[in-house]
Structure formats: structure tokens, C-alpha cells
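Student: Can you walk me through this structure? I'd like to start with contacts between residues.

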Amino acid sequence: MKLPFIISSVGRMRSPRNRQGSCVDVAARFTMLFLGLSVSPCHAAEKKLGAQPTVLATSDSDYFNPTVSYPVRGGLNLEIPRELGNRMLAELGLVDVTAAPFRADPTGGNDATRAIQAAVNFARDHQMVCFFPSGTYRISETIECIQNPSRQGGGMFWPCVLQGSRRGTRPKIVLTARSAGFNNPAQPKRVIYVWARGAGKEAPATAEQANILFNSMFLNLDITVEEGNPGAVALRMEGAQGSGAQDCVIDVTHGHTGLEGGCGSGGSHAGITVIGGRIGMDLTQSRPAPTVTGVTLINQTETALRYRGIEALCAIGLKISSKARGPLIVGTANERNPLCGQISLLDSQIDLQTPGGVAISSASALYLRNVFVRGAARIVNSPDGAQLAGDPEQWLRVAEYAHGPVLPEFKGYRFAAPVYIDGQRLEQDVMATESVGPPPVDLQARHLWGEDFPSYESAGAVSVKSPRYGAKGDSFTDDTEAIQRAIDEHEIVYLPKGYYRLT
């Protein structure tokens with residue numbers, strides 16, 4: 001069975017929904033890091049004499065990705081593009097935006113919009129990662145990260161992966177002050193827009209089809225919106241399996257929204273901080289059962305978090321601090337689907353710096369566990385009348401809260417979301433709170449990898465393709481011995497883009 005994580009960087013989320021294939025700890029000693037790795041049964045193909053890498057077949061009649069037939073049909077093209085100036089990174093599967101032929105300025109002195117857009121497109125079309133060395137990258141227009149469909153069934157092997165270096169200061173993308181089109185809050189405009197073209201069944205190729213955005217990621221990159229851009233949405237990313245944003249600081253003090261769109265169905269967002277803006281995270285549009293982990297939302301003027309997606313949002317390690325009166329979290333029902341807008345909030349904290357407001361309003365089922373709230377007159381104040389009292393003067397810990405409303409009639413049916421404990425239906429809500437001191441300092445950190453989480457850039461990391469080990473990753477050579485030897489000799493082992501045959 002092929003795992004759909006073909007071009008993926010290392011995730012840093014430590015939770016039950018961590019992506020498979022991102023990191024494997026062996027006996028708590030060895031860590032193997034994967035970039036561009038899939039796992040599949042050994043195919044029976046043999047390298048024929050005179051065989052040449054297949055030239056990708058293209059069509060100018062549509063947006064579909066070309067067909068790769070070598071070394072694995074429908075898989076990855078392993079050719080290293082000759083035009084890339086940074087050969088070392090190219091051999092690892094990375095496209096350096098500062099090197100030839102793109103030469104994006106990392107000093108922030110010149111506009112890099114065209115260079116970055118060209119690098120994003122090139123990396124996608126060559127099934128590589130778009131890599132940003134440490135620096136400041138100034139842009140003035142939307143960077144579109146478009147995943148095109150494939151005739152093999154979706155574009156999962158052709159994602160857009162934007163990754164910042166973990167060496168030195170984290171790279172930052174800056175939207176220049178008063179950029180054209182970002183000045184109207186009534187018509188928000190995206191700064192970074194990650195989306196998938198329709199495959200023709202649910203949407204045309206010119207429209208977004210979020211349920212086929214696979215394996216696209218935005219990693220270790222900060223975004224800052226400068227003044228005069230009140231309509232700017234820093235990052236739009238609604239995706240499915242393998243997709244998500246991780247390890248980002250998004251400053252929208254002069255913008256509208258930090259992150260728009262939830263990743264679910266196997267996707268997630270983790271380790272994100274949003275500063276300012278009207279809305280911190282707008283997850284009104286999300287894939288089913290989205291997950292957010294270790295997210296911090298600071299000083300939004302309207303709402304920190306909105307949700308109206310299909311099935312329950314699972315938010316773990318959420319930290320909110322705001323002077324707004326609230327509600328700071330708003331879950332709303334969907335008139336077209338009653339099974340929308342549910343929220344589960346765990347190991348989180350909400351700090352209303354202007355005492356007396358409302359922390360949460362939810363029109364759908366709501367569950368809280370180990371949630372610390374300060375400054376709220378009401379922790380929960382929902383449209384159906386459900387309430388949970390707060391304390392404007394001190395921290396309260398919600399040990400557990402569960403409320404299931406009776407939902408509006410839908411197509412002649414009335415849906416309910418009753419509360420059950422050990423198989424027994426309750427006729428009342430579960431409400432358990434207590435006065436406590438401040439939240440534990442690791443309430444959020446316990447759900448994230450630390451800053452020392454390894455990557456291929458870590459000190460001591462070794463590539464299995466280095467001369468000492470000689471793995472080929474060409475799908476034909478037996479790389480078992482090379483990989484095993486690297487694991488035996490090093491704590492951090494890195495597998496560059498390729499197919500690694502094991503026997």
C-alpha cells in the first residue's frame with residue numbers, strides 16, 4: 001500500500017494525529033527524517049539496457065499534470081533539473097528560491113514576488129520542495145500555490161510545499177505597505193493562497209476544490225503584513241490528507257485575518273501564532289474534522305477563532321489572549337448540514353484582558369476539557385441559552401463541560417446531540433469548574449515538538465546518499481544495507497527524495 005506522503009517535510013506535531021511517515025523514533029534512540037518519501041511494496045520492474053528517463057508527456061489543452069512513467073509509473077520523476085543553481089539542495093529535492101534561475105532577494109530590499117511565484121511553480125512541477133533560506137522576502141501580490149489535478153487520480157504527488165530553513169532566524173515573507181488590492185476589508189485578499197484545482201467532478205479546473213488538496217504544506221515560514229493592508233488575509237489553506245501549516249508566526253496587526261481555512265480528513269495546522277488582525281483563524285470553511293494543535297492567537301479585535309466546518313474541530317493546546325469582549329471562539333451551525341460546527345477544546349487557555357466578556361459561543365455541540373479561562377463573565381454563552389458561568393477576577397479551570405443542543409429542523413428531521421457517559425444518556429449538561437492559579441507553563445508545549453526537533457539541517461544529520469553509505473534511491477538498487485548502516489552509526493538519518501528499495 002502506498003502512503004500518500006510523497007513530498008513532505010518533517011512535521012513537528014506530537015499528538016495522536018501526527019502524520020505517518022514524518023518521523024519515526026526507533027527505541028527512543030534513532031530518528032529517521034523523511035523528505036520526499038513513499039513506502040510501497042517492491043515492484044518487479046527491472047532496469048532494461050538502454051532505458052532512459054521518460055520525458056514527461058504534457059498537454060496544452062488542460063491543467064492536468066503530466067504522466068510520469070519512469071522509474072515508477074504515476075509516481076515521482078527523479079531527474080534533477082539542470083537549471084537549478086544550488087545543486088546540493090537540488091539533489092536533496094529542494095528548490096532554493098535565492099539561487100538561479102529565480103534569485104529571490106533575501107534581504108527585503110527588492111520585491112521578490114515574481115521570483116517566488118516562479119520558484120513555487122517550478123518546485124511543484126518538478127515534484128520538489130520550494131525552500132527559503134533565512135532572510136526577509138518582500139512581496140506585493142498574492143503568491144498562488146496551486147496543486148493541479150492528475151490523470152492518475154488527484155494531484156497528491158504534485159503538491160506545493162513551501163519550507164523555510166531551520167538554520168538561524170526563521171525566514172519571513174513580508175507584504176509591502178499599501179500593496180494594491182489589499183486595502184478593502186469588505187473584499188479580503190490572500191497573501192499566500194494554497195489551493196487545488198477542480199478535477200472536473202465537483203469543480204472546474206479554474207475553481208478551488210479543497211477536498212483534493214493533498215500533501216501541500218507551509219512550513220517554518222513567518223508572514224508579516226505591513227500597514228495600509230486592512231483587507232489582507234495572510235494565509236489561505238483549506239486542505240485534506242497530509243496538508244497543513246506548521247511553525248509560523250503570522251503578524252496581521254495591519255491586516256484582516258491570520259489563517260483562513262481548516263485542514264482535516266488527515267490534515268492539520270500546528271505550532272502557529274497569529275498576532276493582531278480582526279480574526280485570528282477563520283475556519284468557517286474546513287475539511288471534515290479539522291485539527292489545530294499548539295496555536296496561539298493574540299489581540300484580535302473581533303474574534304480569535306471561528307468554526308463552521310463539517311464534524312468536530314479538535315483544538316488542542318490553544319492559547320488565546322485578547323482585549324475584545326468576545327465571544328473569542330465562535331462555533332456556528334450550517335443551514336445546509338446539521339452536522340457542522342462542533343468543537344472539542346482540550347488543554348487550552350483563554351484570557352480576556354478586558355474582564356466581563358464571553359469566552360465561547362457555540363450553536364453546535366461543544367466539549368471542553370482542562371481549559372483555563374480568566375476574565376470571562378461567562379465561559380459559554382450559546383444561542384440556545386446554554387451557559388457556563390465564569391469569574392472575571394481570576395482563573396477558572398473547566399475540568400469538563402459537555403453540551404449538545406437540539407438543532408434546527410433539516411429536511412423534515414430534527415437532529416439532537418445528547419450527552420452520554422458510559423453508555424447512559426444524560427438529561428443535563430456536564431459542568432465541572434474550579435478556581436485555580438495560572439495554567440501550567442507546559443499546557444501548550446506538551447503537544448508540540450521542541451525547538452530541537454531534528455531536520456536534515458541539524459548538526460550530525462547524515463544523508464543515506466552520502467558517499468559513506470551510497471544509497472541510490474533509484475527504485476532499482478538494493479539500499480537495505482546502506483540505510484541500515486546509516487541508522488546504526490547516527491542518531492539523525494535523512495532520506496532525500498527518491499525510491500529506496502528494501503529487501
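Tutor: Contact here means heavy atoms within 4.5 Å. This is a predicted model, where local features need pLDDT of at least 70, side-chain atom pairs count only at pLDDT 80 or more, and totals for chains, interfaces and linings use all residues. Residues are numbered from 1 along each chain as its sequence is written, and side-chain values use heavy atoms, with hydrogens and water left out.

Student: Okay. What does E238 touch, not counting residues up to four places away in sequence?

Tutor: E238 touches V194, E208, A210, L213, E260, G261, G262, C263, Q285, S286 and R287.

Student: Where is E238 found?

Tutor: E238 sits in the loop between β13 (232-237) and β14 (244-251). Strands are DSSP runs of E, at least two residues, numbered from the N terminus.

Student: Is E238 buried or exposed?

Tutor: Buried, because the relative accessible area of E238 is 6%. Buried means under 20%, exposed over 50%, and partly exposed in between, using a 1.4 Å probe and protein chains only.

Student: Which side chain makes a polar contact with the side chain of E238?

Tutor: That of R236, at 2.9 Å. A polar contact is a pair of N or O atoms within 3.5 Å; within protein, one must be able to donate a hydrogen and the other to accept it, and residues adjacent in sequence count only if both atoms are side-chain atoms. Also, a polar atom of the E238 side chain lies 3.5 Å from the backbone nitrogen of S286.

Student: What about C263 and C314, buried or exposed?

Tutor: C263 counts as buried because its relative accessibility is 0%. C314 counts as buried too, because its value is 19%.

Student: Back to strands. Where is L235 placed?

Tutor: L235 is in strand β13. L235 counts as buried because its relative accessibility is 0%.

Student: How far apart are the C-alpha atoms of L235 and Y193?

Tutor: They are separated by 6.0 Å, with the two residues 42 residues apart along the chain.

Student: And what is L235 in contact with, leaving aside its neighbours within four places in sequence?

Tutor: L235 is in contact with I192, V194, F218, I223, A245, G258, L259 and E260.

Key
Helix = DSSP H or I, 4+ residues; strand = E, 2+ residues; numbered from the N terminus.
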